[in-house]
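Take a look at the chain below before reading on. This report walks through its sheet, its helices and its core.

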Amino acid sequence: MTQKITVLTTDENGRFKGNALSQVEESNALAVERYRFRPGQRHLSPITYWWADWYSGDSSKWAKTLTLSDALGFVILNISSGSGVSKDADWVEQAKRAKTSGARVLGYVRTTFGKRPKAEVMQEIQNHIDWYGVDGVFLDEAVNGWSADQKPYVPYYQDLYDTIKAKYGEIFWVVNNPGSNTIEEMVSTADVLMTYEQSAEKYLHPEVPVTPDHYLMYPSNKFWHVVHDVTKENYVAVMDKANEEHADHVYLTDLSFVPSPDPQTPAVNPYAAPPSDWLLERQLIWARGGLALQKQIDSMGGSTMSVTDNGNGTATLKL
C-alpha cells in the first residue's frame, strides 16, 4: 500500500502551523523527516559555534558552511552557550537562512553532565523553539555512562528525552553530545549521539575505540563523529577511517584544539571558524561518494583544484 505523504506548511519562524498535528499527519511527517537521514548516507554536520553573521557577505562563516547544500545535515545555534536571555533579530535571520539551506537546525543547551536542573533545560529548549523555530535540541555536556560517577546520571538523560518527546513530538530531534562512545543504555536517550569529538591522531590510532559492538545493533544514522586537527597529510586516512566506522554524521576540521585550565574556554578553539576551503571542498566530494576520484586528483598534484556546487546535488571539479 502506498503511504500518503502529508505536506506541512510552516510559519515565519519555521514552526509547523496549527496547534497540533493529527496522528496521520504526524506519522507521515515523521516518516519524511527520518527518511532524510537514511542509514548509510553521508551527511556533513558541522559544529557552528560562531555568532550569527548573515550580514557579512563573502566573509560570513555561516554562509560558507551553508553552501554544503544537499550534503548538509545538522547545524547548531549556540547563543552564549544556550538560547540567550531574549530573542535576537540577527539569530532569527540566521536560523531562517539555515533552515532555507535544508539543514536541520538544533538549539544548543548545556546539561552539565546530568547535574543541571531539568526545568532549566526545558526552558532553554522552549526559548529556542519560540524565538528561532529550531528543529531539535543539541544537549551538550552529556555523560557517556562508563565510569562509576557518570552511570547514575544515565536515567536523567532518558527522562529528559522522554519528556522532550512527549512535549514536542517524535518529529523534534534530540541530539546528545557525550563526545565519546557510550554504554548501551545511553543509546535510547537520543535520536542521534555525538560519539567522537577528538583529534585526527586519536581517531586514526588503532587502539582507540570508536565504535563499540553494541552500536552495530542500531542504524548508522544514529551516530555523529567530529574530528579536529585534520591535515592535508592525514585527511584521506581520516575519511577512510570514517567510512569504516558506524556513523553517518561527520564533520572534519583542520583547526586545532589546545586546552586551557578553563574547560569552557580552550586556549585554541577548533570551532572558532569553518575549516579551510580545501577541506570543505574535499568533505563535499567525499560525502557524495567521490573520495576515490579525489585520491587520483591528489596523486596528480591537484592541489589547485576548485569545486563549484551546482545546487542540484552535483559539483563541478576544475583542475
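With which side chain does the side chain of Asp-229 make a polar contact? The partner is the side chain of His-228, at 2.6 Å. Keep in mind that this is a predicted model.

## The whole chain

The chain has 319 residues, and 50% of them are buried. Its secondary structure comes to nine helices and ten strands. Take the contacts between residues at least 6 apart in sequence: 72% of them join residues at least 24 apart. The accessible surface is about 14900 Å². Carbon and sulfur atoms hold 53% of that surface.

Strands of a sheet pair through backbone hydrogen bonds, either parallel or antiparallel.

| Strand pair | Sense | Bridges |
|---|---|---|
| S1 and S8 (residues 249-252) | parallel | two |
| S7 and S8 | parallel | four |
| S6 and S7 (residues 223-228) | parallel | six |
| S5 (residues 173-176) and S6 | parallel | two |

His-43 stands opposite His-249 in S8. Val-227 stands opposite Leu-252, also in S8. Met-194 faces Trp-224 in S7. Leu-193 in S6 is the bridge partner of Asn-176.

Why is S7 described as largely enclosed by the rest of the structure? Six of its six residues are buried, so the strand is largely enclosed. In a regular strand the side chains alternate between the two faces of the sheet. Both faces of S7 are covered. One side has Phe-223, His-225 and Val-227, and the other has Trp-224, Val-226 and His-228. Each of these residues is buried.

S6 (residues 192-199) is also largely enclosed, because six of its eight residues are buried.

## Around Asp-229

Asp-229 sits in the loop between S7 and helix H7 (235-244). Is Asp-229 buried or partly exposed? Asp-229 is partly exposed, because its relative accessible area is 23% and buried means under 20%.

Asp-229 also has contacts beyond its sequence neighbours. Leaving out residues up to four places away in sequence, Asp-229 touches Ser-199, Ala-200, Asn-234, Thr-253, Asp-254, Leu-255, Ser-256 and Phe-257. Take Ser-256: 27 residues separate it from Asp-229 in sequence, but the C-alpha atoms are 4.8 Å apart in space.

How far apart are the end C-alpha atoms of helix H4? They are 21 Å apart. H4 (residues 118-132) has 15 residues, so at 1.5 Å a residue it should span 21 Å, and the two values agree.

The buried residues of H4 are Val-121, Met-122, Glu-124, Ile-125, Gln-126, Asn-127, His-128, Ile-129, Trp-131 and Tyr-132. Just after H4 comes Gly-133, with a positive phi of about 60 degrees.

Helix H8 (residues 277-287) is mostly covered, with ten of its eleven residues buried. Among them are Trp-278, Leu-279, Leu-280, Leu-284, Ile-285 and Trp-286. The buried residues of H8 also include Glu-281, Arg-282 and Gln-283. Gly-289 follows H8, and its phi is positive, near 85 degrees.

## The core

In soluble globular proteins, nonpolar side chains tend to be buried together. Which residues have the most contacts inside the largest nonpolar core? They are Ile-125, Ile-164, Trp-224 and Leu-252, in a core of 79 residues. H5 gives the most to this core, with seven residues.

Leaving out residues up to four places away in sequence, Leu-252 touches Val-227, Val-230, Val-238, Met-239, Pro-275, Leu-279, Gln-283 and Trp-286. Several names here return from earlier parts. Val-227 is a buried residue of S7, and Leu-279, Gln-283 and Trp-286 are buried residues of H8.

Terms used
Residues numbered from 1 in each chain as written. Predicted model: local features only at pLDDT ≥ 70, side-chain atom pairs only at ≥ 80, totals over all residues. Heavy atoms only, no water. Buried < 20%, exposed > 50% of the residue type's maximum accessible area, 1.4 Å probe, protein only. Contact = heavy atoms within 4.5 Å. Areas by Shrake-Rupley, 256 points an atom, 1.4 Å probe, with all protein chains shown as cover. Expected span 1.5 Å × (residues − 1). Core = buried A, V, L, I, M, F, W, Y, C linked by side-chain atoms within 4.5 Å. Pairing = 2+ DSSP bridges. Polar contact = N/O pair within 3.5 Å; in protein donor to acceptor, adjacent residues only side chain to side chain.
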